[in-house]
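Visitor: Hi! Could you walk me through this one while I look at it?
Guide: Happy to. Let's bring it up and start with a turn.

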Amino acid sequence: MILTSLSSSSQGNIHILENEDTVLLLDCGIKFNRVGSILNSKYINGVLITHEHGDHVGGCESLSLNKNTYFYGTKETLDRVNVPDFMKKAVEPFKTFRIGTFKIVPFEVKHDAVRPVNYLIKDDISGAQLLYITDTGYIDNLIFKDIDYFLIECNFDEEWYQKEELTRTEEIKSKRLLSMNGHLSIQKTIRVLTNSVNHNTKKIILCHISSGFEDYLEFQNRIQELFPKQEVIALQQGIFLDRTIKLFKKKDVMEFE
Ligand SMILES: [Zn+2]
Ligand SMILES: [Zn+2]
C-alpha cells in the first residue's frame, strides 16, 4: 500500500492511497490542472470525500471532467459537490462498502459542515488498516483498534490561542478552532493517538497542519517523543506532489523510497 500526499492544509487536501489493484483519492481539494501530472496516468477507482469545504472538494468538478470515477460521501455532502449525478455514490456512517480491494467504513465526526464523515480503510491485499481523520473538533468518541497507519489532522496548538493578547480576528478564529465543530488541535490529536495507538501501529502521518504553524516539524517532534516506537511524519502545508510514503504491513520489511 502506498500513500502519496499531493497537498495538505486548508490550501487543499488530496492524498492518493493505492495498492497493486485499486487507487483511491482521499478528498480532492486541488484542481485537476495542478495535480494532473500525477493523476493523469492513473485509473482512479473512487474518491472518498469527508465534507463539502473547498479545501476538500475544490478539485472534484475538474476531476470529473478529466477522469471517469466515482465520488463517495454522505448524501448531504454529495448534494453540495458539483459532479454529475451518475458519478455520486452516497455512503452511510458505519455501513461498510468496498472499492476494489479496499474495504471502507465511514464514521461520523463533528465539524461545521453538513454531515461530515471520516474513513477507516482496510487493504485486502496486505491486511493493513489506515485511519483517515481530519476536520473534526470532537474526538472523545474516537477509539480504534489495530490501526497500522494513521493519517490524522494536527491542525494547531491550543496553547498558542491561550496567550493573553489575541487580535479580534485571532479571537474569532480561535472560537471556531476550539469548538466541538472545529479542528483537531495537537492536544486532541495526542488524545486520539493515546487511545488508539498500539504495538501494531507503524506510522503516524500528521496532515492538515494550519498554515499559521510554519514549524510543522515541531509538531512532528512533539508527537514522535510521545510515540517512540512509531514513525511520525508531518506533512508540510501546501502542494508537494512528490511526497510518497510506503506503507507495509510487516515492520521488518525493508523500505525503499
Ligand atoms: Zn479542511
Ligand atoms: Zn472543513
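Visitor: Which strands form a hairpin with two residues between them?
Guide: That is the hairpin of E7 and E8, in this predicted model. In its turn, Gly 100 has a positive phi of about 55 degrees.

Visitor: And how many bridges hold E7 to E8?
Guide: Three bridges join strand E7, residues 97–99, to strand E8, residues 102–108, and the two run antiparallel. For a landmark, Arg 98 has Lys 103 in E8 as its bridge partner.

Visitor: What else does E8 pair with?
Guide: E8 also pairs with strand E9, residues 117–123, over seven bridges in the antiparallel sense. There you can find Pro 106 opposite Tyr 119 of E9.

Visitor: Before I go on, what is the average pLDDT?
Guide: The average is 93 for the protein, and 96% of the residues score at least 70. One stretch to treat with care is residues 251–257, where the pLDDT is below 50. Beyond near neighbours in sequence, that stretch has six contacts in the model. Where pLDDT is low, predicted coordinates should not be read in detail.

Visitor: Noted. What is the strand order in the open sheet of seven strands?
Guide: The order is E6-E5-E4-E3-E2-E1-E14, and the pairing is mixed. Strand E6 (88–90) and strand E14 (238–246) are at the edges; each has a single partner strand, so one side of each has no neighbour in the sheet. From one strand to the next, the twist averages 20 degrees.

Visitor: Let's zoom in on E2. Is it mostly covered or mostly exposed?
Guide: E2 is mostly covered, with four of its five residues buried. On one side, E1 pairs with E2 through five bridges in the antiparallel sense, and Ser 7 stands opposite Ile 14 of E2. Strand E3 (residues 23–26) is joined to E2 (residues 14–18) by four bridges, again antiparallel. Opposite pairs here include Ile 16 with Leu 25 and Leu 17 with Leu 24.

Visitor: What is the phi of Ser 9?
Guide: Phi of Ser 9 is near 105 degrees, a positive value in a residue other than glycine. Most residues other than glycine have a negative phi. Ser 9 is in the loop between E1 and E2. Ser 9 counts as buried because 23 other C-beta atoms lie within 10 Å, where the cut-off is 20 or more.

Visitor: Where is Asp 146, and what is its phi?
Guide: Asp 146 is in the loop between strand E10 (129–133) and strand E11 (149–153), with a phi near 55 degrees. Asp 146 counts as partly exposed, with 14 C-beta neighbours inside 10 Å.

Visitor: Now the helix H7. Which of its residues are buried?
Guide: The buried residues of H7 (residues 216–226) are Phe 219, Gln 220 and Ile 223. They cover an arc of only 100 degrees around the axis, which puts them on the same side of H7. Covering them are, among others, helix H6 (186–196), strand E12 (203–207) and strand E13 (231–234).

Visitor: And which residues are exposed on the other side of H7?
Guide: Leu 217, Asn 221 and Glu 225 are exposed there. Leu 217 counts as exposed because it has 12 other C-beta atoms within 10 Å, and the limit is 12 or fewer. Leu 217 and Leu 235 are 18 residues apart in sequence and 8.6 Å apart in space, C-alpha to C-alpha.

Visitor: Last one: how many residues are in the largest nonpolar core?
Guide: It has 58 residues, and those with the most contacts inside it are Leu 130, Phe 150, Leu 151, Ile 152 and Leu 206. Leaving out residues up to four places away in sequence, Phe 150 touches Leu 131, Leu 193, Ile 204 and Ile 205. In soluble globular proteins, nonpolar side chains tend to be buried together.

Note on methods. Residues are numbered from 1 along each chain as its sequence is written. Chains are lettered from A and ligands numbered from 1 in the order in which they are written. This is a predicted model: local features need pLDDT of at least 70, side-chain atom pairs count only at pLDDT 80 or more; totals for chains, interfaces and linings use all residues. Two strands pair if DSSP finds at least two bridges between them. A nonpolar core is a set of buried Ala, Val, Leu, Ile, Met, Phe, Trp, Tyr and Cys residues joined through C-beta atoms within 7 Å. Two residues are in contact if their C-beta atoms, placed from the backbone, lie within 7 Å. pLDDT is the predictor's confidence in each residue, from 0 to 100. Axes are lines fitted to C-alpha atoms, for helices over the stretch in contact, and angles run from 0 to 180 degrees between N-to-C directions. The arc is that of the directions from the helix axis to the C-beta atoms.
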